[in-house]
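These notes are meant for a colleague opening the structure for the first time. They go through charged side-chain pairs and then a set of paired strands.

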Amino acid sequence: MLNNQDTIAAIATPIGRGGIGIVRVSGLLVTQIAQAILHKQPEARLACFANFYNQQQEIIDQGIALYFPAPNSFTGEDILELQGHGGAVVMDCVLQAVLQQGARLALPGEFSQRAFLNDKIDLTQAEAIADLIDSSSQQAAQAAMRSLQGEFSQKIQQMVEAVIHLRMYIEAAIDFPEEEIDFLADNKIQQQLQTIKQQLTQLQSSAKQGYLLQSGLHLVIAGRPNAGKSSLLNQLAKKDSAIVTDIPGTTRDILKEAIQLDGLPLHIIDTAGLRESDDKVEQEGIKRAWQQIQQADLILLMVDDREYQQQHHVAIESNLPSHIPKIIIRNKADLSQAPIGLTKTEPPECVISAKTGAGLTDLEHYLKQFIGYQTSEQGNFIARRRHLQALADAEQALTHGEQQLNLYQAGELLAEDLRQVQTYLNQITGEFNNDDLLGRIFSSFCIGK
């Protein structure tokens, strides 16, 4: 763990030419540095205009100084912000003046890490800071702000409390049999287990949508040759990215396009037609297509609607990964004369014409709903892949504990599995000691955050 006794400093604004640049300082030497740089001590939380001096007592800039005494600051330590002119040279002069007074250069994410270590924010809120900065859409930014405000953390904490309450009941029955708590005879444990499982399922669904909002939905367009995959890519991308011909097997390699659908990030991947082939180049393209299918968030299985009743696509569909959602796109409705629109079957089907664009509105509406598009202020929170993994581990432990209870009536084993559930949930908010994980998380932050 880093030495939190050090005073750290960094330029908190992007490098380059701008109207304002900010140098941020945090730690025990803040008041001493303020006196040396400003020749005065700013009042707490009151902006003051001042000259900025270097060690030679030369004025290197002038601007606004803000002082936030501990513990009422972002990091929980004394913080000084020097807001001067945003040129690279002048900002570096101010930073060097601060470093000469005993501060050291902050590592990426170290300000946020100190806020976490000083219990000003939990780990999900710290991650939300970086996610808010990196947001690629308004929806993602709103979701990151909800995480920063603690919405995700509150849901995790509610689940942890429910697990603790159930553990207390079971372990009391085990440790104090004279109290005659027969937890195997009543329905209380089963009811509470079901409630926790429902809460966990809902949380997993919201977390997955939050993850997709930030990282983007990976759509893989798959199907037989000449089904219209490249035409659909061009329609969604609104440009001629892929070559379209009537010759089957035109697409030999992977073609990717990153677009935004009403502010939601989509990564669209066009693949080679799936069929038996003696062409070595096409064989390699088909191999890569299956690799992309395995990594998809959603598979768009393209079918020539004129061949739909012949069920040629069923063989491909049966080989698709069962755990990855899919939608069947019945294309070429301009030739088959099938009614345009979305059918909520399992899997869903959408009849379109990639040539004319008919039905694309229905498909885009489905994609927005799948990724978690919200028109109101209420919506999802941002989540990361490690959050999804922790929730999956918690679900597995909870399911295993339920089996121990139902099959073997083993209350002791259920209690141990519930302890594992609590551990996995606590990993999300950071109520554990894992310095390696913390280092990986905060090292991805911007310097100055």
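1. Asp6 is partly exposed, with a relative accessible area of 25% (buried means under 20%, exposed over 50%, and partly exposed in between, with a 1.4 Å probe and protein chains only). Arg104 is partly exposed as well, at 24%. The two side chains meet in a salt bridge of 2.8 Å, N to O; the term stands for a side-chain nitrogen of Lys or Arg within 4 Å of a carboxyl oxygen of Asp or Glu.

2. On the basis of the numbers: this is a predicted model, in which local features need pLDDT of at least 70 and side-chain atom pairs count only at pLDDT 80 or more, while totals for chains, interfaces and linings use all residues. Residues are numbered from 1 along each chain as its sequence is written, and side-chain values use heavy atoms, with hydrogens and water left out.

3. The structure holds 16 salt bridges. Helices (H or I, at least four residues) and strands (E, at least two) are DSSP runs, numbered from the N terminus.

4. A second pair is Glu402 and Lys197, whose side chains meet in a salt bridge at 2.9 Å, N to O. Glu402 belongs to helix H13 (residues 385–408) and Lys197 to helix H7 (residues 188–215), 205 residues apart. Glu402 is buried, with a relative accessible area of 10%, whereas Lys197 is partly exposed at 26%.

5. Lys238 forms a salt bridge with Glu364, with 3.7 Å between the closest N and O atoms. Lys238 sits in the loop between helix H8 (229–237) and strand S8 (255–261), and Glu364 in helix H12 (residues 360–371), so the pair ties together parts that are 126 residues apart in sequence. Lys238 counts as exposed at 66% relative accessibility, while Glu364 is buried at 17%.

6. Salt bridges that share partners join Asp6, Glu77, Arg104, Glu110 and Arg114 into one network.

7. Which strands run antiparallel to S4? Strand S3 (residues 48–53) does, joined to strand S4 (residues 59–68) by six bridges, and so does strand S5 (residues 79–86), joined to S4 by five bridges. Two strands pair if DSSP finds at least two bridges between them. Ala50 has Gly63 in S4 as its bridge partner, and Phe68 stands opposite Ile79 in S5.

8. The hairpin of S3 and S4 has five residues between the strands, and Gln57 there takes a positive phi near 65°.
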